[in-house]
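Hi,

Here is the structure I promised to pass on.

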Amino acid sequence: MAGFRTLDDIGNAKGKRVLVRVDLNVPVSDGKISDFTRIERIMPTLTELSDKGAKVILLAHFGRPKDGPDPVFSLDPVANAVSAMIGRPVAFAADCVGKEAADAVSAMKDGDILLLENTRFHKGEEKNDPAFAKALAANGDIYVNDAFSAAHRAHASTEGLAHLLPAYAGRTMEAELQALEKGLGNPARPVVAIVGGAKVSSKLDLLMNLVKKVDALVIGGGMANTFLAARGESVGKSLCEHDLAPTARQIMIEAASAGCAIILPSDGVVAREFKAGAANETVAIDAVPVDAMILDVGPKTVETVNQWIDRAATLVWNGPLGAFEIEPFDAATVAAAKHAAERTREGKLISVAGGGDTVSALNHAGAADDFTYVSTAGGAFLEWMEGKDLPGVDVLKA
């Protein structure tokens with residue numbers, strides 16, 4: 001991969017202590033892991049390094065511990081999940097630095113895998129403290145970052161370590177960076193972006209960046225209401241940031257200047273209450289009842305969105321078109337996602353998606369597996385779409 005050092009550049013890894021930053025911040029419900037996606041994503045890197053005889057030492061955070069070690073945020077149970085998935089033993093050390101970590105590393109044989117305890121149990125992690133980074137580096141000969149989802153953080157285990165050891169991108173990081181390059185870095189055109197979600201305020205930087213880079217921007221979700229109101233439409237009791245109307249108008253001006261088409265809903269599915277199966281109707285966007293709220297875009301809007309997907313060579317997707325968590329307000333997101341998946345399967349579209357709600361929505365639609373790439377990185381994916389530099393990525397550049 002041009003521009004970044006990858007596992008291909010390491011050479012002979014046999015016997016080398018390889019510190020691999022991974023994302024094991026998995027969702028846990030009732031003490032059990034409810035989604036193994038992030039563990040699945042790191043398997044190629046772990047298997048490759050282990051098969052080459054490296055001593056594979058995993059660094060990760062879990063949750064947001066506030067005052068040092070906390071059993072609630074221990075990675076100990078996650079070691080068993082990693083072991084079960086990779087089909088080989090994964091040892092665990094009760095600290096990521098100091099004697100316990102050093103002893104566990106010293107006991108490793110070539111090809112062994114060891115998970116060190118939560119890096120965030122030490123305040124030096126999030127502060128990117130040089131002394132803490134040095135303590136981490138003492139247990140490694142090589143550093144590999146395979147956690148794109150944490151790459152927007154300049155922490156000791158994501159950025160500091162890369163200045164102390166030879167640093168490389170793991171296979172998942174490599175795949176992510178390749179997909180992002182296809183999405184916005186050097187995309188096939190036309191490029192269409194779909195951006196949804198609740199609020200414009202949380203995606204201002206994103207929208208301002210996208211209108212300069214894409215050929216068409218589809219705006220859905222609650223944030224579309226703010227643009228509609230800025231255009232003079234009545235949105236009834238819909239979620240809407242009326243105070244951001246001037247900002248929405250400015251984004252539309254910037255888009256026009258850059259030659260980017262803004263696609264807003266032409267019809268909407270409205271209801272008087274926000275609950276599953278609520279009585280609803282589809283209305284033109286200029287006929288929203290004053291006592292109703294828009295909870296999904298309508299079929300005419302979906303038809304327009306799909307027409308833009310048909311024109312696109314590249315699709316970048318962040319955020320649902322409606323309140324997809326509640327039926328029947330998932331219809332538009334599901335329909336557009338399935339259409340994008342079909343175009344991708346046919347080889348007519350490069351589709352890159354990311355962000356927490358986006359992943360859930362595409363999984364809900366049964367479309368995620370057919371997208372070119374679906375990023376599990378929330379904040380990092382969003383900051384990349386905003387055009388920001390990611391510290392954990394920049395340090396891997398050749």
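This is a predicted model: local features need pLDDT of at least 70, side-chain atom pairs count only at pLDDT 80 or more; totals for chains, interfaces and linings use all residues.

Helix H9 (residues 221–230) is mostly covered, with ten of its ten residues buried. That takes in Gly 221 and Gly 222, and also Met 223, Phe 227 and Leu 228, among others. So what sits over H9? The cover includes strands S9 (191–195), S10 (216–219) and S14 (293–297), along with helices H8 (204–210) and H10 (245–258). After H9 comes Gly 232, with a positive phi near 100 degrees.

Next, strand S7 (residues 142–145). Ile 142 and Val 144 point one way from S7, Tyr 143 and Asn 145 point the other way, and all are buried. S7 runs parallel to strand S1 (residues 17–21), and four bridges join the two; Val 18 has Ile 142 as its bridge partner. S7 also pairs with strand S8 (residues 167–169), again in the parallel sense, over three bridges. There, Tyr 143 stands opposite Ala 167 of S8.

Last, the largest pocket, which has a volume of about 660 Å³. It is lined by 34 residues, and the closest to its centre are Arg 38, Val 359, Ser 375, Thr 376 and Ala 377. Helix H1 (37–51), helix H13 (356–364) and strand S17 (373–375) are the elements that each give two or more residues to the lining, and H13 gives the most, with five. By class, the lining has 16 polar, ten nonpolar and eight charged residues.

Cheers

Technical notes: Residues are numbered from 1 along each chain as its sequence is written. Side-chain values use heavy atoms; hydrogens and water are left out. On a 1 Å grid over the protein atoms alone, a cavity is a set of points where a 1.4 Å probe fits but cannot get out, and a pocket is an open set with protein on both sides within 12 Å along at least five of seven lines; lining residues have an atom within 4 Å of a point. Grid points are joined across faces, edges and corners, and a volume is the space filled by probe spheres set on the points. Ala, Val, Leu, Ile, Met, Phe, Trp, Tyr, Cys and Pro count as nonpolar, Asp, Glu, Lys and Arg as charged, and the others, Gly among them, as polar. Buried means under 20% relative accessible area, exposed over 50%, partly exposed in between (1.4 Å probe, protein chains only). Contact means heavy atoms within 4.5 Å. Two strands pair if DSSP finds at least two bridges between them.
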